[in-house]
Amino acid sequence: MGYVVGIGLIEWTQKRTQCILYGVPLEQESLLLYGNWILLFLPVFLELGYYIKGKTEQSVMTLPRYGSYRKWWKEIFLFQMLLCAAYTMGLVLVFIISEGKLSYRLCLAGLLFFVHVLFLKDIFLMIFQKTKDMILAVLCTLLGECVPIFFPFVRGKLFPWYWGMWCYSDRGMQNGFYVSIVLVVQLIVSMSIFFYFIRNRKS
């Protein structure tokens with residue numbers, strides 16, 4: 001009995017942890033596994049939310065030191081990018097320790113996750129600026145990643161909520177998305193939002 005329970009726990013743990021960084025395979029989709037995937041983003045987005053909320057509330061006092069809105073927004077985007085990079089590197093380091101090596105698959109998964117979290121970060125920033133509500137912006141951004149759960153008919157590797165998952169790339173499955181194309185698309189969106197803020201946003 002103990003042996004059976006032990007094997008069951010091992011299989012359950014492997015199933016839960018496989019989605020971390022690598023993604024949730026279509027044949028194994030479940031609310032629990034998607035929950036694991038979403039929880040990866042929660043710490044970094046809460047930190048980003050509190051940071052941008054604090055900067056916005058103090059903007060009247062701090063903006064004169066910067067001399068322009070452009071410098072103010074550049075500092076915000078730089079902090080966000082460094083935070084996303086540090087968080088991704090931390091996750092990769094955990095996997096290096098657990099797997100005992102730095103593999104090509106792990107590097108690719110880390111790169112996809114990093115660019116994807118940057119992409120989501122900019123979506124979050126747009127929502128926050130429209131709503132002025134940090135918690136609402138975090139929830140809306142993360143719920144976007146849950147679209148395949150609530151709307152099964154839109155499932156597929158071509159949709160943005162899969163683009164941070166290595167298992168949906170052309171390296172992880174047959175006919176998967178091309179890593180280079182996905183990276184370029186997300187970076188273009190992120191850069192467009194960046195230039196929109198530093199050139200147009202004054203609130």
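## The nonpolar core

In this predicted model, the largest nonpolar core brings together 57 residues. Leu21, Trp37, Phe41, Phe45, Trp73 and Met165 are the members with the most contacts inside this core. Several helices take part: H2, H4 (69–99), H5 (104–131), H6 and H8 each supply at least two residues. The largest share, 14 residues, comes from H5.

Leaving out residues up to four places away in sequence, Phe41 touches Phe113, His116, Val117, Leu120, Leu142 and Glu145. As general background, nonpolar side chains tend to be buried together in soluble globular proteins.

## How H2 meets H6

Two packed helices are described by the angle between their axes and the distance between the axes. For helix H2 (residues 31–57) and helix H6 (residues 134–144), the angle is about 150° and the axes are 10 Å apart. Angles over 145 degrees count as roughly antiparallel, so H2 and H6 are roughly antiparallel to each other. H2 passes H6 in a right-handed crossing.

Which residues in H2 and H6 meet? On the H2 side they are Ile38, Phe41, Leu42, Phe45, Leu46, Gly49, Tyr50 and Lys53, and on the H6 side Met134, Val138, Thr141 and Leu142. Sorted by class, this contact of H2 with H6 has nine nonpolar, two polar and one charged residues. Phe41 and Phe45 in H2 belong to this contact, and both are also among the residues with the most contacts inside the core.

## How H4 meets H5

Helices H4 and H5 form another pair to follow. Their axes come within 10 Å and cross at roughly 145°, and the crossing of H4 and H5 is right-handed. By class, the contact of H4 with H5 has 16 nonpolar, four polar and four charged residues.

Setting aside neighbours within four places in sequence, Gln186 is in contact with Val115, His116, Phe119 and Trp163. His116 is also touched by Phe41.

Phe159 sits in the loop between helix H7 (147–150) and helix H8 (179–200). With a relative accessible area of 33%, Phe159 is partly exposed. Phe159 and Val182 are 23 residues apart along the chain, and their C-alpha atoms are separated by 10.0 Å.

How values were computed
Residues numbered from 1 in each chain as written. Predicted model: local features only at pLDDT ≥ 70, side-chain atom pairs only at ≥ 80, totals over all residues. Heavy atoms only, no water. Helix = DSSP H or I, 4+ residues; strand = E, 2+ residues; numbered from the N terminus. Buried < 20%, exposed > 50% of the residue type's maximum accessible area, 1.4 Å probe, protein only. Axes fitted to C-alpha atoms, helices over the stretch in contact; angles between N-to-C directions. Parallel < 35°, antiparallel > 145°, perpendicular 65-115°, else oblique. Left-handed = near helix turned anticlockwise from the far one by under 90°. Contact = heavy atoms within 4.5 Å. Nonpolar A, V, L, I, M, F, W, Y, C, P; charged D, E, K, R; others polar. Core = buried A, V, L, I, M, F, W, Y, C linked by side-chain atoms within 4.5 Å.
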